[in-house]
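Welcome! Please take a moment to look at the sequence and the 3D view before reading on.

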Amino acid sequence: MAQTEATAFGQAKQSSAKRRKPIKAADIFSYAILTIAAILVLMPLAWMFSTSLRPTHESFQLPPAWLPTKFSWENYLAPFESSVPFVDLFINSMRITVAVTLGQLFTCSLAGYAFARLRFPGRDLLFLLLLGSLMVPFQVTIIPIFLLMRDLGLIDNPLAIILPGLISAFGVFLMRQFFKQMPQELFDAARVDGAGHVRSFLQIALPLAGPAMATLAIITFNATWNAYFLPLVFLNSWHKMTLPQGIALLTGYMGSGNPSVVMAAVTMAIVPVLVVFIALQRWIIEALTRSGLKG
Amino acid sequence: MHKSGLLPELTPRHREAFVGYLFILPTYIGFTIFILYPLIESVRISFQEFSLLRGSTYIGFDNYAQMFADGRLRIAYINTVIFTLFAVFFNAGIGLILAVMLNRRLPVLMRNLYRSIFFFPVLIAHTYIAVIWRFLYQQDTGVINYYLGLFGVDAIPWLSNAHWAMAAIIILDVWKNTGFAMLVFLAGLQSIPNEYYEAAQLDGANERQLFFRITIPLLSPTIFFILVIFMIGALQVFDTIIVLTQGGPGDATRSVVLYVYEIAFRTFNMGYAAAVSMTLFAIILVLTALQFWISRRWVHYE
């Protein structure tokens with residue numbers, strides 16, 4: 001995508017070198033619309049941040065101050081001192097998210113490789129079956145999974161969320177597409193050197209699969225970090241819950257009484273996402289676009 | 001000949017198949033336990049009167065029959081359809097407009113900055129966004145009504161009036177998700193070769209003709225993809241609603257998935273919940289198939 005952008009721009013440059021095009025009214029119109037849209041997108045986030053820093057008695061102040069006027073950092077301590085065990089929630093979320101992400105990298109890279117580069121009877125049928133499962137909505141499978149977890153004694157246990165998360169039809173599809181694009185010569189050369197299939201996978205395919213693995217990791221990490229439905233069904237004691245659950249409850253407990261503290265908690269939950277996004281945004285955007293266009 | 005200690009002595013073809021099955025084994029164990037088995041089990045449960053304490057009994061189609069008499073389910077379906085129509089229309093429409101504008105002659109820095117800003121909400125959890133907007137939507141103390149007030153608009157009861165609550169959920173959804181549509185549309189627009197536009201311009205085409213004769217037809221596979229993805233997502237709306245309105249006021253914003261969740265995990269009427277979820281599944285399948293069928297009339301593949 002970066003390449004098409006560069007060429008498109010190169011062409012624009014060439015033609016403008018010949019004859020500098022005047023800025024048209026239509027250009028100014030679209031600048032204006034884009035700027036208004038960007039402001040509308042940023043306003044709730046700006047309000048969240050400035051409110052998180054405001055003293056509690058000023059949190060409802062209108063007109064709202066978009067930039068923080070005071071710095072009441074104690075709002076950021078309040079969630080830790082409230083009845084909500086904020087640190088536990090953070091650790092729980094992180095533990096589930098890391099386990100699910102690593103699990104999917106393992107299962108999806110193996111299956112993706114097998115579907116892309118190995119021949120075995122029933123391969124295409126098995127792959128189609130897996131792809132078909134993308135159509136099954138979570139609310140259809142959740143009731144039997146709940147009963148299964150209850151029988152296994154895993155209610156209120158993070159494993160109830162981790163175990164179903166260890167596989168992903170989407171992830172297998174993503175990895176398969178990537179392994180399929182690799183040149184056959186690489187594998188032929190390895191075969192000549194006497195490498196078996198396991199070694200070809202470990203020493204040739206996997207080291208080259210960094211971009212695809214990163215894509216899968218980013219998508220899975222974000223989806224699991226943000227998940228609400230599964231934790232809501234399975235986790236019900238304070239010390240087992242995840243961050244989204246905790247923050248939803250924090251809002252409930254404090255009602256609309258103390259926005260500053262709630263916004264401080266939300267800010268802390270969103271900042272990791274923002275940091276990762278700024279650091280990896282080229283990557284993330286490219287990855288999501290690519291997987292989106294092919295999905 | 002290389003001899004792997006892991007594998008038994010087999011012919012090369014059998015060895016390849018063995019490794020293949022071995023590699024897909026973890027995925028298929030998970031698939032069987034967490035997708036295939038629950039899917040079949042869900043069908044079975046939907047024919048049962050289910051009780052966590054007393055065990056379950058087979059009751060044939062009673063759960064399915066019960067749905068026709070369930071007024072709340074009808075309301076939940078109507079709500080879900082209204083939400084889906086508006087959410088898909090505005091997410092795709094605004095996303096397309098933003099993408100087209102970003103695809104115009106813009107400084108690269110500005111394009112990348114705006115693209116990132118529009119996209120960022122996609123990465124934030126629905127839950128957090130709903131928590132923020134709950135404050136923004138407050139009738140007397142909310143920021144939104146304050147600014148509308150400056151334009152002479154009376155304070156809107158966003159979360160306490162049935163119609164406004166649905167509007168509030170749709171607006172929030174568009175704010176969060178239209179950036180994804182924008183991103184995919186922008187990538188689609190950038191893959192349209194410039195030559196098409198240049199050739200048409202030589203023939204004297206104006207900007208409107210360029211848009212409707214070149215951009216839209218060549219973008220149609222992307223538009224179709226976005227419509228399908230957003231429709232499937234919108235029909236399953238849950239997170240936003242449970243935080244923002246809990247389905248209220250009354251049943252005004254109760255979606256089908258929220259209703260399934262409540263009957264399954266609050267009243268533990270699992271049989272009925274399974275039956276309802278099967279109908280939603282069937283509706284999603286039918287609508288998706290229908291979209292694919294209709295798409296043959298309007299989607300252009302190169």
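## Chain B at a glance

Keep in mind that this is a predicted model. Chain B holds 12 helices and 2 strands. Reading from the N terminus, its elements follow the order α-β-β-α-α-α-α-α-α-α-α-α-α-α.

How does chain B compare with a compact globule of 302 residues? Such a globule would have a radius of gyration near 19 Å, whereas chain B has 25 Å. Along the principal axes, the C-alpha atoms of chain B fill a box of roughly 70 × 70 × 40 Å. Of the 302 residues in chain B, 41% count as buried. Take the contacts in chain B between residues at least 6 apart in sequence: 68% of them join residues at least 24 apart.

## Two domains in chain B

Chain B is divided into domain 1, covering 12-63, and domain 2, covering 70-298. The centres of these two domains, taken over C-alpha atoms, are separated by 32 Å. Their contact takes 10 residues from domain 1 of chain B and 9 residues from domain 2 of chain B.

On the domain 1 side of this contact, helix H1 (12-45) and strand E1 (48-49) of chain B each supply at least two residues. H1(B) gives the most, with 3 residues. By type, the residues on this side divide into 4 nonpolar, 5 polar and 1 charged.

## Where the chains meet

Now for the contact between chains: 76 residues of chain A are in contact with 75 residues of chain B. Which helix gives the most to the side of chain A that touches chain B? Helix H14 of chain A (residues 259-294) does, with 13 residues. The residues on the chain A side divide into 55 nonpolar, 17 polar and 4 charged.

## The nonpolar core

The largest nonpolar core has 155 residues, and those with the most contacts inside it are Val266(A) and Tyr128(B). H7(B) provides the largest share of this core, 15 residues. Leaving aside residues up to four places away in sequence, Val266(A) touches Met48(A) and Ile247(A), together with Tyr128(B), Val131(B) and Ile132(B).

## A stop at Asn161(B)

Asn161(B) sits in the loop between helix H6 (143-150) and helix H7 (162-190) of chain B. Why is Asn161(B) classed as partly exposed? It has 15 other C-beta atoms within 10 Å, and a residue counts as buried at 20 or more and as exposed at 12 or fewer, so Asn161(B) falls in between. Asn161(B) and Ile283(B) are 122 residues apart along the chain, and their C-alpha atoms are separated by 29 Å.

Definitions and conventions: Residues numbered from 1 in each chain as written. Chains lettered and ligands numbered in written order. Predicted model: local features only at pLDDT ≥ 70, side-chain atom pairs only at ≥ 80, totals over all residues. Domains from an automatic or database assignment. Contact = placed C-beta atoms within 7 Å. Helix = DSSP H or I, 4+ residues; strand = E, 2+ residues; numbered from the N terminus. Nonpolar A, V, L, I, M, F, W, Y, C, P; charged D, E, K, R; others polar. Core = buried A, V, L, I, M, F, W, Y, C linked by C-beta atoms within 7 Å. Rg over C-alpha atoms; globule rule 2.2 N^0.38 Å.
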